[in-house]
Amino acid sequence: MALIELDHVTTIFGRDDKAALAKVKAGMGKVELLEQTGHTLGLHDVSMDIEAGEIFVVMGLSGSGKSTLVRHINRLIDPTGGEVRIDGENILALSPKALIDLRRRRIAMVFQRFGLLPHRRVLDNIAYGLEIRGVARKEREATARDWLGRVGLEGYEASYPGALSGGMQQRVGLARALASDTDIILMDEAFSALDPLIRSELQDELVRLQRATGKTVVFITHDLDEALRLADRIAILKDGQLVQLGTPNDILLRPADAYVEAFVRDVNRARALTVDTLKQPPALRITEETIAEALAVMRQTRTEVGYVIEDGRYTGVVTRASLEEAGASTATAASLSEPQPGIAADMPIETALPTLLDAQHPVAIVNGSGELTGIVHQKDVSDVLNPGRGAVAPPEDERPAT
Ligand SMILES: Nc1ncnc2c1ncn2[C@@H]1O[C@H](COP(=O)(O)OP(=O)(O)O)[C@@H](O)[C@H]1O
Ligand SMILES: [Mg+2]
């Protein structure tokens, strides 16, 4: 069971939302609904599962329903139709007390405008979530001090928010959310007001801290680059509808429609895609074979390069040419191994590019234990980085404004 489930959620803003819902169910779209009834379709039949421990990004143009969606998770808004569940429990049916508990113990928020209390010191801001839960001063201050350090704000505990830059204030916002000891953090355009450089620092920080804590982060953004940097999975909304849900690689490699395609077009693919997208099974593993044995297999399978495995770890390559030169011998093929560095599956292609360009042969993908998990053929790199060369571009007016 997923941690957070949206089940056929439709949300309509206006006086008689139930009557409007009937019209939407009968097929009326957002524009027509607004024109004919003055009601706004915020979300339209959205279903999705958010798993515990992932960074789940919701992306879309302004007005696509992102804020509406995230506000359902802590019930700042109730949907007109459908259900929202946390741990399988329909939160629309919670008692007022249970709802307060959910908001205090399960969910923390980071706001675009930081939302700090101006007359409280940084330390007291960070401790705030624990304070409203009744945690004793000593304990909450110790926790807050710990988080202050972990977000890089040592020495600022007695400062007031107004004395800090925007980036530092948002570090306080992040520390407050993390210190609150909830398992879910909601972030609505939390970095959108920050300068690009500061913003990318905080993105890295968020990923690092999320990995360290295992918390579930639901992050809203209108910026695909930000989504790609942060997300385990991305949901893309358009006019209140879910148009695609997938990993960053899914979105980049297989955009569901012209709307997603237009977002994807200007992305730096070398930075956004990982080596994993280029992975092919290794053609030939060389372990204990003699030169003669290895040569026989290579001739039979028409392979030019073998990947040498010693004690389970990838150590280098042997070429058919070098085996032929050595001639039939009982020496091991591995003794003719030439070193060629491997790369990791989760590396951005950009990071692996120097190794890929330098190597004489397809490059080994190795995991954390040094095991060979696949190879990358250099010829695939340009295909993945320049998809659809020569394809017809969608018309200009279907591209999202940026
Ligand atoms: N309180 C509200 N009253 C009326 N319409 C609203 C309200 N909140 C959002 N909307 C409308 O719902 C749609 C989705 O809005 P929102 O979720 O804020 O989009 P986003 O966060 O993606 O910019 C928009 O058309 C917006 O105008
Ligand atoms: Mg919004």
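What follows is a tour in a few stops, each with something to select.

First, some ground rules: this is a predicted model, where local features need pLDDT of at least 70, side-chain atom pairs count only at pLDDT 80 or more, and totals for chains, interfaces and linings use all residues. Residues are numbered from 1 along each chain as its sequence is written, chains are lettered from A and ligands numbered from 1 in the order in which they are written, and side-chain values use heavy atoms, with hydrogens and water left out.

**Stop one: strand E1**

Select residues 4-13, which make up strand E1. Helices (H or I, at least four residues) and strands (E, at least two) are DSSP runs, numbered from the N terminus. Here 7 of the 10 residues are buried, so E1 is largely enclosed by the rest of the structure. Buried means under 20% relative accessible area, exposed means over 50%, and partly exposed is in between (1.4 Å probe, protein chains only).

Two strands pair if DSSP finds at least two bridges between them. Pick Asp7 and you'll find its bridge partner in E4, Glu83. Then show residues 40-50, strand E2, which runs antiparallel to E1 and is joined to it by 7 bridges. Glu5 has Asp49 as its bridge partner in E2.

**Stop two: ligand 1**

Which residues surround ligand 1? Among them are Phe13, Lys30, Thr40, Gly42 and Lys66; a residue is near the ligand if one of its heavy atoms lies within 4 Å of it. By class, the shell has 2 nonpolar, 8 polar and 2 charged residues. For that count, Ala, Val, Leu, Ile, Met, Phe, Trp, Tyr, Cys and Pro are nonpolar, Asp, Glu, Lys and Arg are charged, and the others, Gly among them, are polar.

Look for polar contacts next (pairs of N or O atoms within 3.5 Å). Taken alone, ligand 1 exposes 550 Å², and the protein buries 62% of that. The elements giving two or more residues to the shell are E2 and helix H3 (66-73), and H3 has the largest share, 3 residues.

**Stop three: helix H12**

Move to residues 258-265, helix H12, where Tyr259, Val260, Ala262, Phe263 and Val264 are buried. What covers these buried residues includes strand E3 (55-60), helix H10 (224-230) and helix H13 (269-272). At the start of H12, zoom in on Asp257: a side-chain oxygen there reaches to within 3.1 Å of the backbone nitrogen of Tyr259.

Select Asp87, in the loop between E4 and strand E5 (89-90). Its phi is near 50°, a positive value in a residue other than glycine. Is Asp87 buried or partly exposed? Asp87 is partly exposed, with a relative accessible area of 42%.

Next comes Glu189, in the loop between strand E7 (184-188) and helix H9 (196-213). Glu189 has a positive phi of about 50° although it is not a glycine, and it is buried, at 12% relative accessible area.

Finish at Ala344, in the loop between helix H15 (320-326) and helix H16 (349-358). Leaving aside neighbours within four places in sequence, Ala344 is in contact (heavy atoms within 4.5 Å) with Val275, Ile365 and Val366.

Conventions. A polar contact is a pair of N or O atoms within 3.5 Å; within protein, one must be able to donate a hydrogen and the other to accept it, and residues adjacent in sequence count only if both atoms are side-chain atoms. Accessible areas come from the Shrake-Rupley method with a 1.4 Å probe; for residues, only the protein chains shown count as cover.
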